[in-house]
Amino acid sequence: MIEEIFTASVFASTLRLATPYIFAAVGETFSQKSGVLNLGLEGVMLMGAFAAFYTVYATGSVIIGLLAALIVGALMGLATAFISVTLQAEQGISGIGIYLFGLGMSELLFVRLIGTPVSIDGFPRLYIPGFSDIPVIGEIFFNHNLLVYAAFLLVPIAAFILNRTTFGLMIRAVGQNPEAADAMGVNVARVRYMTVIIAGTLAGLAGASLSIALLNVFQQNLTSGLGFIAVALVYFGRWTPLGVLLGSLLFSFVNALQLQIGSIGVNIPSEFAVMAPYVITIIALVFASKRAEKPTALTKPFRRGD
Amino acid sequence: MNFRRLINSLLDTTPYVLALLAALGVASILLIALNAPPLQAVGAIAQGAFGTENATAETLVKATPILFVAIGISVAFRGGVTNIGGEGQMIAGALAGVTVALAIPQAPGFVIIILSLLVGFAAGAFYGGIAGALKAYFNVNEILSTIMLNQVAAQIMNFLLNGVLLDPSELGSNAIPKTARIVEAAELPRLSIPLPPGLSDLFGTAELFGRTRLHWGLVIAIVLAIITYILLWRTIIGYRIRAVGQNERASRYAGINIQRNILLSMLLSGGMAGLAGVVQVLGLQYRLQTDGSATGFTGNAGFNGIVAALFGGLNPIGAIPASVFFGGLLVGAQKMQRELGIPASMVTAINGVIVVFVVSAQYFVHRRSRRRSVGGAPPEREPTAPIVPAPLETPS
């Protein structure tokens with residue numbers, strides 16, 4: 001039975017299903033590193049997913065669809081930044097507002113503009129001559145759509161930016177000690193605007209990876225909590241892109257197993273399989289909260305002269 | 001009340017008025033973009049919400065669970081705990097309440113009702129208490145833990161409704177996940193208002209709401225709102241909860257047990273949401289039924305309760321009109337959808353906008369209060385407090 005469960009296709013779908021988690025959680029890492037808890041991710045993902053889906057539905061081009069998701073995500077990020085940085089609104093509650101907005105708005109637009117469930121032709125699987133044909137290895141690693149590779153490529157890039165560039169240093173300074181950063185001449189608000197917009201853009205991309213690459217459909221509440229898990233994954237990954245990647249893989253592995261167990265009919269109530277990632281997240285949060293890596297100024301608005 | 005206090009208290013309501021106007025503005029833009037005349041849409045919502053006796057009753061029925069949750073959210077937010085777990089706590093309460101009601105069908109009706117309510121409150125409190133304890137003793141972000149617990153609760157509900165709690169008559173067939181019906185004696189009575197002769201001519205009926213689904217849950221919720229108001233502002237228990245929410249450090253120096261009060265506010269908050277769940281079962285559905293998602297049972301009341309609580313100024317009394325308002329919005333939106341073809345999900349989007357505007361408007365209140373304290377230091381504001389609560393008064 002073990003061989004039936006841990007097949008190459010499970011590992012292949014683990015990599016595939018990790019895509020939205022990685023995009024969303026790496027983006028959120030930027031935001032949280034700079035001190036902004038961007039809780040509206042779920043809503044932004046839904047908007048990005050719809051924007052991409054509708055554009056592909058209307059134009060047939062996945063590239064334009066991708067662009068639409070990036071633009072919508074960036075705009076939602078800009079709105080989030082305005083709310084949490086300029087207006088200094090409480091980040092948790094305003095994030096719920098953004099979530100509700102995205103949830104209602106994406107459904108509204110879907111019902112109004114499309115109406116019936118349809119599927120589209122999303123990103124095709126890339127065939128890499130030579131590699132894709134290797135048995136097992138080829139199926140696991142070289143048989144995915146473009147966005148899967150992009151997600152995995154994003155991790156080292158994000159780690160480099162955060163750890164090895166001036167911009168990364170500014171992000172960390174602003175999240176750790178905004179007063180000191182301000183005194184050193186760093187524009188705290190501008191850095192936070194940038195990170196929150198990055199988070200929004202990547203959340204839009206995460207949504208697109210669901211609606212035009214993984215599932216190729218859109219429906220009400222398509223993300224069903226994935227965006228909230230992504231926020232928690234950043235705690236889980238101890239505010240590092242690599243940690244976030246590991247967390248994403250763990251979650252997508254559980255998802256993939258759950259699908260596999262369902263398909264071969266093992267007698268485990270599916271509810272427990274669905275529940276597992278959430279329970280793991282809660283347990284992970286208990287351990288994450290003790291760590292010192294948490295940005296000190298997370299959720300704290302910065303006001304000059306206080 | 002002297003003149004200055006009057007002015008100040010009027011100014012305190014401005015953020016809510018502004019938030020509402022701004023949301024109305026966004027809604028109008030949206031409607032115009034969707035090619036629907038805004039005035040007609042607002043008219044349809046108002047008609048659908050309060051146009052007839054039955055519409056008003058449906059609005060109040062919808063407002064009932066929202067009010068229960070909003071009372072609980074008010075307590076939690078006042079205590080500095082951002083409880084997003086209304087959905088899960090409602091489910092916990094409903095599951096426990098319906099189990100009690102199904103377990104003792106022979107008992108007298110009032111015994112079943114009271115026991116169900118108590119056990120439902122306890123279950124909701126326990127479920128909220130998990131997140132409360134995790135925050136108080138393990139420093140776990142309660143926003144994230146409550147969101148995760150919502151999903152867990154939905155799955156526990158699915159598991160139980162497909163298993164031990166499944167209606168026996170559904171066995172074997174393509175089962176709809178639902179429990180058996182509770183006995184008639186355990187139903188919360190319908191609520192109707194007998195009218196004196198003069199008024200009955202005016203309304204054209206001797207008994208207002210006589211043939212509607214309105215039930216006593218609304219009365220229980222209003223009484224609970226009043227009790228909670230007294231608890232928060234007239235007892236030492238409420239004083240401590242609010243003190244912790246307002247300024248954790250100062251409360252610690254004052255000798256208040258921070259951890260215990262965080263837990264307490266989550267227990268109370270979860271309990272109220274639990275009651276929302278039981279009352280939905282006993283007063284309206286007479287069984288627990290879902291479509292597989294959390295909202296299949298709760299109708300999103302766990303989130304709408306947050307909106308209503310914020311709009312009610314985190315005051316249980318203020319939550320009463322706020323809940324009726326949002327209940328009306330949800331019921332009225334159905335009519336808008338039928339008449340103008342605008343999907344009712346627009347209300348969800350607008351609720352989000354209202355939340356954002358209400359918490360953003362706090363910024364302007366805060367700036368005003370900073371200006372008020374001329375010469376002195378700006379008022380201490382703990383960043384963990386979700387909203388700036390009214391200044392502390394000592395309990396009388």
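1. A definition to start with: the expected span of a helix is 1.5 Å times one less than its number of residues. Please keep in mind that the model discussed here is predicted.

2. Let's apply that to helix H14 of chain B, residues 316-340. With 25 residues at 1.5 Å a residue, H14(B) should span 36 Å, and its end C-alpha atoms are 35 Å apart, so the two values agree.

3. Both ends of this helix are worth a look. Just after H14(B) comes B:Gly341, whose phi is positive, at about 70°.

4. Now over to chain A for a helix pair. Helix H11 (residues 226-236) packs against helix H13 (residues 270-288) at an angle of about 35°, and their axes are 9 Å apart. The crossing of H11(A) and H13(A) is left-handed.

5. Which residues in H11(A) meet H13(A)? They are A:Ile229, A:Ala232, A:Tyr235 and A:Phe236, and their partners in H13(A) include A:Tyr278, A:Ile280, A:Thr281 and A:Leu285.

6. Finally, the charged pairs: over all chains, the structure holds six salt bridges. One salt bridge joins the side chains of B:Glu58 and B:Arg213, at 2.9 Å from N to O. B:Glu58 sits in helix H3 (residues 53-78) of chain B, while B:Arg213 is in the loop between strand E2 (207-208) and helix H8 (217-234) of chain B, so the pair ties together parts 155 residues apart in sequence.

Terms used:
Residues numbered from 1 in each chain as written. Chains lettered and ligands numbered in written order. Predicted model: local features only at pLDDT ≥ 70, side-chain atom pairs only at ≥ 80, totals over all residues. Heavy atoms only, no water. Helix = DSSP H or I, 4+ residues; strand = E, 2+ residues; numbered from the N terminus. Axes fitted to C-alpha atoms, helices over the stretch in contact; angles between N-to-C directions. Left-handed = near helix turned anticlockwise from the far one by under 90°. Contact = heavy atoms within 4.5 Å. Salt bridge = Lys/Arg side-chain N within 4 Å of Asp/Glu carboxyl O.
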